[in-house]
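Here are my notes on the model, as numbered points. Please read them with the structure open.

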Amino acid sequence: MTESTSFPPRVERIAEEAEPGSLRGTLLGIGRYLRRNPQLVFGLILLLALIAFTTLGRLFVDVTEARPLAGPASQPPSSEFPLGTDPQGRNILAVMIEGSYLTIRTGVVAGLIGIVFGSAVGFVAGYYGGWADRIITWVVDVLLTVPAILFLVIISAMLQTGLTSLGMALIIALLAWRRPARQVRSQILVMREAGYVEMAKLSGSGGLSIIFREIAPNLMPYLISSFIVAVAAAILASVGLEAMGLGPQNEPTLGMTIYWIMQFSAFLLGLWWWILPPVLILIVLFVGLYLLNAGLDELANPRLRRRT
Amino acid sequence: MYLQRILKRILTLLAVIWAAATLNFFLPQLAPKNPITEKLTQLAETSGVDGNRIAELTEAFNARFGLDRPLWERYFDYLGDIATFDFGLSIASYPARVGDLIGAALPWTIGLMVTTTLISFAIGTLVGAYAAWRRDSVLMQAVSSVLMVFSAIPFYLIGLVLIYFLAAKAGWFPISGGYSIFSIPGWNWSFAVEVFHHSILPALSIAIASIGIWAIGMRGMMVTVQGEDYMTFAKAKGLTPRRIFLRYGLRNAILPQVTTLALFFGQVVTGAVLVEIVFGYPGMGNLLLESITLFDYPTIYGIVFILIVTIAVSMLLVDLIYPLIDPRVRT
Amino acid sequence: MTLLQVRDLSIDYFTSTRVIHAVRGVSFDVAPAERVALVGESGSGKTTTALALMQMIEAPGKITGGTAHLKGEDLLALRGDAVRSSRLRRVAYIPQGAMNSLNPVLRLREQILDGLTDHGQRPDRRAADTLVAGALEGVGLSPALARAYPHQLSGGMKQRACIAIAIAMKPDLVIADEPTSALDVITQKQVMATLIAAQEDIGCGLLVIGHDMGLMAQATHRVIVMQDGLIAEDAPVGRIFHAPRHPYSKMLIESVPTLGRRTETAAPAVAKPSGGAGLMEFDGVSKTFGGGLLGRGAVRALDTCSFRLADDHPQIISVVGQSGSGKTTLARMILGFETQSAGEIRYRGTATSAMRAGEKRAYRREVQAIFQDPYGSFNPFYKVDRALSLPLENFDLAGDRPAERKRMEEACEAVGLDAGEILGRFPHELSGGQRQRLMVARALMIGPRLLVADEPVSMVDASLRMTILGNLQRLKDRFAISVIYITHDLATAYHVSDYVLVLHRGRIVEAGLPADVIENPAHPYTRSLVGAIPWPDPNRAWGDSRTDDTGWDARQIIRSQSQGFELAGAA
């Protein structure tokens with residue numbers, strides 16, 4: 001019995017396919033993928049819009065007006081002050097532009113330090129094992145059970161006077177390494193046993209070559225995801241501390257703005273133009289980071305990928 | 001075997017509490033400021049006490065609070081005290097006892113957090129499981145997206161939005177506080193109504209975000225469970241969709257959620273510090289912030305110790321409860 | 001008279017750019033009480049066909065045409081609750097992954113009864129007890145297991161429990177989807193016997209899906225061979241095994257090794273003698289995992305074992321055993337991935353623990369391996385070329401780029417791969433067979449003296465297995481390489497090896513020439529292993545299967561020694 005002509009061919013094309021290699025094919029493939037992964041698209045849009053706001057915004061607005069007495073107090077939005085002023089006479093639009101920058105910078109600096117230190121620690125624990133692993137794992141576990149906010153509140157309260165937003169980032173970085181360390185460790189534990197690592201050994205690769213040429217490239221997706229989570233956590237912590245009044249008193253970060261809003265009872269004064277912008281920007285920032293991470297997760301982890 | 005494990009767990013618990021309490025004692029000693037001087041300087045500024053007498057007064061107060069004794073002596077006193085939940089006198093609110101301050105704040109926090117957490121857990125878990133079950137429905141995809149967005153927003157930001165729209169603008173709810181400043185706390189109906197009225201916005205701001213968090217977590221687990229072989233077999237057995245959803249899907253997907261819930265309770269004390277601050281709610285969060293800004297060490301010790309105990313107990317709880325809901329770890 | 005009549009069944013799968021016609025107008029019948037095999041390789045449409053009978057095709061798949069009449073009623077025309085109601089009651093399903101097919105948080109009792117409850121039967125407590133006990137006893141399980149949870153059962157017991165659940169309502173048709181694929185050969189035979197007994201007892205039709213022709217020859221009456229969504233051949237078991245008509249069925253049958261038709265290879269080529277030291281030597285080596293100060297319950301993975309493999313007699317030595325027998329531990333110690341707990345491992349006369357840099361390098365280069373999972377052996381970050389270029393660069397085997405490229409192309413050709421088609425791709429773009437052959441090419445290109453092949457074909461489609469093993473055999477002769485072939489499959493070991501070691505719980509229980517050990521096993525364990533092999537010959541009875549191992553003594557039976565491989569008896 002052979003295949004008779006009445007049977008349809010095994011595979012039929014019903015839409016244009018990405019021609020591997022060609023630019024058009026690549027774009028087509030990327031476009032199709034993005035349509036299946038709207039989280040990635042929306043996350044990127046939100047974050048890019050915010051970055052554009054704070055980088056392009058300072059071309060049009062004088063960010064030095066983000067200080068007290070830059071204008072009259074508690075003015076509603078006008079052509080001169082598009083978002084009005086606060087009771088101390090800051091130009092709120094300038095505060096938002098500068099504050100977004102400062103807050104994002106705090107997050108990125110703390111996240112970066114956290115990810116670098118954390119992955120180094122996680123790496124040592126996972127790759128070398130033994131006592132180093134036991135001690136590191138124990139320390140990370142203990143540090144992870146105690147709420148970060150407690151440590152941070154105590155530390156920043158001790159150092160409160162003269163704190164800058166960069167100092168804030170360093171304080172937060174003290175704890176930002178815990179999760180990356182744990183995550184990198186567990187990934188290394190898996191990859192250390194991978195078939196391709198054993199193959200590399202059989203191919204004469206030494207320890208360092210295996211670490212940097214075999215394991216590290218495969219760790220990248222996890223590091224990127226860890227980094228985004230660390231940035232989000234650092235921003236969350238910094239804004240939280242600042243909203244408690246434990247932040248840099250002389251810098252117009254978003255968290256300090258929230259603090260002043262509460263200190264000046266903005267709700268009772270009805271200063272809506274002061275309250276809504278920082279809350280909205282922070283919501284955009286947190287949602288953007290969350291969606292970006294969820295989108296990248298789906299990209300990196302095929303098991304979570306929806307069936308096509 | 002099981003008993004032996006419980007015993008081992010309890011010993012670990014005590015060790016953890018001891019280690020954390022010790023750390024908690026020594027860490028603030030590194031602070032560059034003397035709390036007594038701070039407090040007296042503050043008093044001097046506000047009430048016109050002669051600045052020159054501060055040094056003299058400091059010494060007297062140091063003696064009063066026992067801060068002039070050697071560190072190790074104070075450490076052992078500290079251990080003895082916390083074992084009996086006696087945290088001494090507050091510096092900031094002298095002569096109030098720390099135990100009384102905590103006793104006044106704790107019920108507010110626990111009442112708010114435990115109720116909200118349980119309700120959010122129940123709603124979030126069910127919604128999340130259903131969202132995974134009906135993954136292809138447009139409605140459920142929309143619900144999932146909304147929940148995902150909510151889960152990413154910190155509680156207090158939602159709180160600020162709610163205060164602005166529902167309290168400041170609409171005037172439906174009070175802007176701040178746990179009860180009206182004009183009423184006297186007591187066990188009567190009208191006060192209870194007032195407390196409830198004041199707690200709605202803080203509870204809502206926690207619930208909106210945490211329903212999202214529980215739902216997204218549950219949805220992910222449920223999707224994983226749906227890919228399991230036993231779900232296929234359950235379908236092939238011709239079971240009713242209701243049984244497959246509840247006994248096969250939800251029953252398995254909920255296991256990690258329960259662990260998270262127990263650990264969540266461990267963080268109840270500090271879980272919503274900022275919500276309390278934003279709403280001026282008279283709970284542990286505000287007490288903690290106050291005592292830290294005023295360098296009230298005894299109160300900080302007390303709060304932190306309560307925190308450590310709740311965390312350690314919640315972890316013990318996980319260990320004890322988990323075998324009951326998952327037969328695989330029972331052996 | 002027929003029980004099931006499938007006509008023109010078509011099933012399509014939709015991706016964003018393609019329609020895949022997974023099943024293309026398939027028609028077949030099942031007679032009452034008949035056992036029918038549905039065989040084919042992955043992607044042939046066999047499972048899809050069977051699942052369609054229960055309307056269990058999930059999106060993006062769709063049944064696009066055809067009928068399936070069971071006792072006159074079209075299963076594909078059922079709608080709504082009738083679909084659910086017909087499952088278990090009329091058509092029952094025994095799942096493939098027995099390991100994970102039972103709900104881990106429910107007791108067996110509930111998992112047997114819930115199906116009945118949802119089909120309208122509500123027995124009272126006493127009746128339910130009797131029913132559950134009967135169902136369990138029917139598949140050879142103790143009624144006491146009703147209160148057990150799935151994790152308390154072994155793999156074979158879980159699969160029996162699945163059978164008990166599936167046949168509890170005495171269905172007209174039972175579909176068994178690779179019912180024994182995760183089980184070892186002895187358990188496979190017992191479970192298959194249970195399934196057949198149960199099927200004969202209730203007199204239902206049985207559709208067994210699988211890829212193992214040997215198993216089908218022993219267990220079924222008729223075989224339907226599927227390929228690319230079409231039926232290639234549909235014939236009674238006696239006919240198809242003796243005179244297959246379709247080339248594909250012929251190839252499938254021939255790819256299963258049989259007893260007696262052993263392809264004798266030429267006498268091993270003699271390489272340059274290396275003096276007395278030998279190539280690889282195990283001197284009283286054993287391996288224990290766990291234990292130590294904190295751990296309890298140390299596990300003896302490999303009992304004391306001594307052998308000496310000479311340099312001048314290239315041969316294939318098979319190490320056969322079930323999972324947990326210690327065969328992989330042995331392989332990993334040869335490769336230096338695991339350190340022995342006692343004894344000494346020597347390569348070319350030098351203990352591996354005391355090698356100097358140069359000796360270590362030679363050892364690394366000369367002892368190579370092929371692993372079970374060809375996909376995991378490639379670093380997913382790089383193109384497959386790197387698997388070949390990395391050893392060339394590290395061992396300085398090729399001078400410049402063009403020379404390197406040439407070596408890589410030659411290596412591909414040596415195993416019958418088209419270099420132009422393979423090189424420059426990422427691992428996931430190759431098929432499993434291509435990946436594994438590339439791994440063989442890699443190992444040979446390095447020019448090893450000893451090659452450890454750890455289950456090199458167990459994840460490759462049946463039709464390619466003998467090809468890859470044949471490759472190994474030829475290359476052994478051509479390049480004078482000794483091969484340690486680690487496998488659970490006695491049949492392939494019988495065909496390719498020059499000497500066989502049978503491992504059981506860390507001990508070598510029997511050793512000798514394949515013709516002795518497998519055609520005429522002496523140790524009771526080997527006997528039951530050999531007896532459980534389903535040979536692809538319907539006339540050959542599936543031998544007796546002993547289960548209780550109380551009589552298995554600590555004896556070690558060395559039937560004969562091979563020239564160039566000296567095995568020392570256990571102390």
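1. What percentage of the 331 residues of chain B count as buried? The figure is 47%, where buried means under 20% relative accessible area, exposed over 50% and partly exposed in between (1.4 Å probe, protein chains only).

2. On conventions: this is a predicted model, in which local features need pLDDT of at least 70 and side-chain atom pairs count only at pLDDT 80 or more, while totals for chains, interfaces and linings use all residues. Residues are numbered from 1 along each chain as its sequence is written, chains are lettered from A and ligands numbered from 1 in the order in which they are written, and side-chain values use heavy atoms, with hydrogens and water left out.

3. Chain B has 13 helices and zero strands; helices (H or I, at least four residues) and strands (E, at least two) are DSSP runs, numbered from the N terminus. Of the chain B contacts (heavy atoms within 4.5 Å) between residues at least 6 apart in sequence, 74% join residues at least 24 apart.

4. Between chain C and chain A, 45 residues of chain C are in contact with 31 residues of chain A. The buried area is about 3300 Å², and carbon and sulfur atoms give 52% of it; this is the accessible area (1.4 Å probe) that two parts lose on being put together, summed over both. C:Thr17, C:His21 and C:Arg24 supply 18% of what chain C buries against chain A, more than any other three residues.

5. Two salt bridges are counted between chain C and chain A, a salt bridge being a side-chain nitrogen of Lys or Arg within 4 Å of a carboxyl oxygen of Asp or Glu. One salt bridge joins the side chains of A:Glu214 and C:Arg386, at 2.7 Å, N to O. The elements that give two or more residues to the side of chain C that touches chain A include strand 2 (18-30) and helix 12 (385-394) of chain C. Strand 2 gives the largest share, seven residues.

6. Strand 2 of chain C also pairs with strand 1 (residues 11-13) of chain A, in the antiparallel sense, over three bridges; two strands pair if DSSP finds at least two bridges between them. Here A:Glu12 has C:Val19 as its bridge partner.

7. Elsewhere in chain C, C:Pro448 lies in the loop between helix 15 and strand 17 (450-454). C:Pro448 is buried, with a relative accessible area of 3%. Not counting residues up to four places away in sequence, C:Pro448 touches C:Arg365, C:Glu366, C:Gln368, C:Ala443 and C:Ile481.
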